[in-house]
Amino acid sequence: MVYSAINEKGEAHFTFLKKIFDAIGNRQTEYNWLITDCFCCPQDPEASAMLQREYCWLSGEELTALVQNEDFLWIWAVLSAFEKSVALSEILQYDLPYADGYPGFWKTPLTMQHPLARIEIVPWDSTLTLIFSSRKEIVDGFRKTFPESEDLEDYIEKNGL
């Protein structure tokens, strides 16, 4: 089962990962992360160059350090979390996830784009954040921290998507 939420209210800007990591109990360190379709605004030229590639592969600790160094605005991206035992070569056998124009975000039953992912965090055009997880407590933590967020399935139904 995939649990999900959408947050498009109550935040001045979207998406800043430090607050999201705090919301999920900093469980991002338990995974390796594939970052794709990324447009963000780091001031650090090395971080900027790394995130402009077709994909970026980071451990949870490396992603955490990146965000702790500079909690910059993420405009578009798909951040997909994988069990540390899953090799990058196995992950790259599938299409890379993308944010802009992906219709699956708005269809039920909800799925994660990458079939091996355990969490997907999607900054959407700097106006909202989507989160998907195979672990209910991840989405529950997100919803508790962002009380104006909604269950994505309810949002889809309410808005006739």
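Modeller: Aspartate 125 sits in the loop between strand 5 and strand 6 (128-133); strands (E, at least two residues) and helices (H or I, at least four) are DSSP runs, numbered from the N terminus. This is a predicted model, in which local features need pLDDT of at least 70 and side-chain atom pairs count only at pLDDT 80 or more, while totals for chains, interfaces and linings use all residues. Residues are numbered from 1 along each chain as its sequence is written, and side-chain values use heavy atoms, with hydrogens and water left out.

Aspartate 125 is not a glycine, yet its phi is positive, at about 50°. Serine 126 lies in the loop between strand 5 and strand 6 as well, and its phi, near 55°, is again a positive value in a residue other than glycine. Most residues other than glycine have a negative phi. Aspartate 125 is partly exposed, with a relative accessible area of 36%; partly exposed lies between buried, under 20%, and exposed, over 50% (1.4 Å probe, protein chains only). Serine 126 is also partly exposed, at 29%.

Valine 122 has leucine 130 in strand 6 as its bridge partner. Helix 5 (residues 136-145) packs on the sheet and touches strand 1 (3-7), strand 5, strand 6 and strand 7, with its direction at about 20° to that of strand 1. Contact here means heavy atoms within 4.5 Å, and the angle, on a scale from 0 to 180 degrees, is between N-to-C directions of axes fitted to C-alpha atoms, for helices over the stretch in contact.

Strand 5 (residues 119-124) also pairs with strand 4, in the antiparallel sense over 3 bridges, and isoleucine 121 of strand 5 stands opposite leucine 79. Of the 10 residues of strand 4 (residues 74-83), 9 are buried, so this strand is largely enclosed by the rest of the structure. Strand 4 pairs with strand 2 (residues 31-40) too, antiparallel over 8 bridges; there, tryptophan 33 has alanine 81 of strand 4 as its bridge partner.

These strands belong to an open sheet of 7 strands, in the order 3-2-4-5-6-1-7, with antiparallel pairing. Strand 3 (55-59) and strand 7 (150-151) are the edge strands, each pairing on one side only.

The peptide bond from threonine 108 to proline 109 is cis, with omega near 0°.

Terms used: Pairing = 2+ DSSP bridges.
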